[in-house]
Amino acid sequence: SRAASILREVVANPDGMSLGQLATATGLARSTVQRIVDALEMEFLVQAGTGGVRPGWGLRRLGDLAGPSIACELRPQLFRLFEATGETVDLSTLGGAEVLFLDRFLSEHNVRVVPDAGAHYPAYAMATGKALLAGLDNEQIWAMYGQGTLERLTPMTLSTVDKLIAQLDVIRAGGFAYDIEEHALGSCAIGLPIGIFGTTQLAVSVVIPTERYEEQKDTIENALRLSANDFAQRIDK
């Protein structure tokens, strides 16, 4: 019942709630809220980060049983990308300045990339995040990230907004979005924007262990190009 009360508050406030706000709203101790949120995050039912606790992609998938949603509508296209690459694939949008996952298929390789349930995902450190940020203008990027110094999650993470905008210009010109161990060591990703579904900006990415990245890069990029067209045809209907 305590977990259900927390989920109800998170669903009612999808832009994010702090642990303190959840504690006040549910009447639970903050330590209890922290413990339950950690458990829910392990099941991908919520996603916690600097923007607060938000609905997770697992919760969205459960919600698809009750009716149509973006994830439900686009799942066939995402699954075809998964089949073409055999790697972990994500369908995402922006949640403030972070990546908000809408759906995901996990690789079945023995060595694979599995999301860290306790991590937060700033958009500038993710391939799918950069693909989404490319849909904003530079003034919006500067407003989002302030004075131009970015938090570095690894030694490979972009350090300034100028460097980020240089990469966004390439994506805007039709290039791929890359994450080369920028959000986590040992993990790489390639992404593309796929358009706007209703009013929701969307991107997809293929996430792969660094050890397979160079070997699979061309295959993944070819699959992403085909997949972007696949998504576009569905979104435009």
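In what order do the five strands of the open sheet come? The close-ups below, all taken from a predicted model, start there.

**View 1. The open sheet, strand by strand.** Reading across, the order is E4-E3-E7-E6-E5, and the pairing is antiparallel. Strand E4 (98-105) and strand E5 (177-180) sit at the edges with a single partner strand each, so one side of each has no neighbour in the sheet. On average, neighbouring strands are turned by 30° against each other, ignoring direction.

**View 2. Zooming in on E3 and E7.** Here strand E3 (residues 88-95) runs antiparallel to strand E7 (residues 200-209), and five bridges link the pair. Look for Leu91, which stands opposite Val204 in E7.

**View 3. Two helices against the strands.** Helix H5 lies across E3, E4, E6 (187-197) and E7, and runs at about 70° to E4. Helix H9 packs on the sheet too, touching E3, E5, E6 and E7. The direction of H9 makes about 5° with that of E6.

**View 4. Where H5 meets H9.** The axes of H5 (residues 70-85) and H9 (residues 210-235) come within 10 Å and cross at roughly 165°. That angle is over 145°, so the two helices count as roughly antiparallel to each other. Their crossing is right-handed.

**View 5. The residues between the helices.** From H5, the residues in contact include Leu74, Leu78, Leu81 and Arg80. On the H9 side, look for Ile220, Leu224, Phe231 and Asp230, among others. Sorted by class, this contact has nine nonpolar, three polar and four charged residues.

Definitions and conventions:
Residues numbered from 1 in each chain as written. Predicted model: local features only at pLDDT ≥ 70, side-chain atom pairs only at ≥ 80, totals over all residues. Heavy atoms only, no water. Axes fitted to C-alpha atoms, helices over the stretch in contact; angles between N-to-C directions. Helix = DSSP H or I, 4+ residues; strand = E, 2+ residues; numbered from the N terminus. Parallel < 35°, antiparallel > 145°, perpendicular 65-115°, else oblique. Left-handed = near helix turned anticlockwise from the far one by under 90°. Contact = heavy atoms within 4.5 Å. Nonpolar A, V, L, I, M, F, W, Y, C, P; charged D, E, K, R; others polar. Pairing = 2+ DSSP bridges.
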